[in-house]
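Me: I would like to go through this model and ask what stands behind each label. Please set the values against the cut-offs.

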Amino acid sequence: MKRIGLALLLSLSFLWSVSVDAAGQRSDWEKLDDISDEALQLAKNERFAEAQEVLRYFSERFFALGAKERLRSADELRAVTVTHEQAVRAMSAPISAEDKVAAVTQFRLVVDAIHSTYQPLWSEMEPAVMEALAAMEKAAERGEKEAYAAAVRQLVDRYTLIEPSVKIDVPPEVATKVDDDLEALQAAAFWQADETKRRERLSAARHDLEALFAGVKKDEADPSLIWVMISTGGMIVLTLTYAGWRKYKGEKEEKRARQPEE
């Protein structure tokens with residue numbers, strides 16, 4: 001029984017250490033998440049010099065907290081690095097206030113996509129993206145090429161804002177389908193096709209965009225953590241089962257020993 005108790009204690013201690021380590025990582029990313037949000041709020045209020053300083057502070061904290069080593073892939077590192085550099089440059093670049101805010105927003109969404117495990121912020125752009133697609137469908141149905149072109153630009157602008165975050169959260173094949181759809185919808189060949197083909201192309205784009213947004217609304221736990229819980233949990237179950245069997249066997253033997261011999 002002492003061995004069983006020790007096995008249980010070690011198993012529970014292991015689970016506790018995994019839980020504490022995961023909580024520590026979440027806490028660090030929450031700090032970085034807050035810093036990126038602060039930069040965005042400053043940019044929205046057109047305090048671009050201050051936003052730039054906060055963005056630089058993010059870089060300092062990112063390396064101080066060892067966040068680089070905790071990223072799950074090179075794609076995440078690339079997304080953070082590229083959007084961060086673009087946001088920093090945008091704050092002092094001779095561009096419109098709207099473009100400055102868009103650059104920080106794109107970076108903010110990337111940080112959130114890495115930090116979030118359920119329904120990241122970029123998924124909230126679904127109504128805006130689908131609105132632009134609906135305008136394209138309407139213009140195409142009416143044969144209004146100028147209105148269609150304007151709606152395409154709007155769709156591309158809105159999707160470009162979330163694209164780096166999308167490619168963090170969704171499978172590559174899903175993102176590739178949307179990329180292909182957008183390329184086809186912008187091509188001159190779109191209007192050279194007949195009405196049926198145009199409708200089919202728009203329908204495919206709608207299906208792929210809906211699948212993209214639907215795919216991120218499911219809570220997905222870390223597969224490695226699930227494996228740890230299953231393997232460790234299985235050990236605990238086996239230990240408890242063995243202990244129960246030993247206890248049951250001991251009680252039967254004790255009961256048999258107390259019975260009077262016939």
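Me: What share of the residues of the protein chain count as buried?
Reply: The model is a predicted one. Of its 262 residues, 35% count as buried.

Me: Why is Ala 43 called buried?
Reply: Its relative accessibility is 0%, and buried means under 20%. Ala 43 therefore counts as buried.

Me: Where is Ala 43 found, and what is it in contact with?
Reply: Ala 43 is found in helix α1. Leaving aside neighbours within four places in sequence, it is in contact with Phe 48, Ala 51, Val 101 and Val 104. Contact here means heavy atoms within 4.5 Å. Ala 43 and Ala 103 are 60 residues apart in sequence, with 9.5 Å between their C-alpha atoms.

Me: What makes a set of residues the largest nonpolar core, and which members touch the most others?
Reply: The largest one has 59 residues, and Trp 122, Met 136 and Ile 162 touch the most other members. Elements giving two or more residues to this core include α1 (2-44), α6 (126-142) and α10 (195-214). The largest share, 10 residues, comes from α7.

Me: Which residues does Met 136 touch, not counting those up to four places away in sequence?
Reply: Met 136 touches Tyr 148, Ala 151, Val 152, Leu 155, Leu 185 and Leu 202.

Me: How many helices and strands does the protein chain have?
Reply: The secondary structure comes to 11 helices and zero strands.

How values were computed:
Residues are numbered from 1 along each chain as its sequence is written. This is a predicted model: local features need pLDDT of at least 70, side-chain atom pairs count only at pLDDT 80 or more; totals for chains, interfaces and linings use all residues. Side-chain values use heavy atoms; hydrogens and water are left out. A nonpolar core is a set of buried Ala, Val, Leu, Ile, Met, Phe, Trp, Tyr and Cys residues joined through side-chain atoms within 4.5 Å. Buried means under 20% relative accessible area, exposed over 50%, partly exposed in between (1.4 Å probe, protein chains only). Helices (H or I, at least four residues) and strands (E, at least two) are DSSP runs, numbered from the N terminus.
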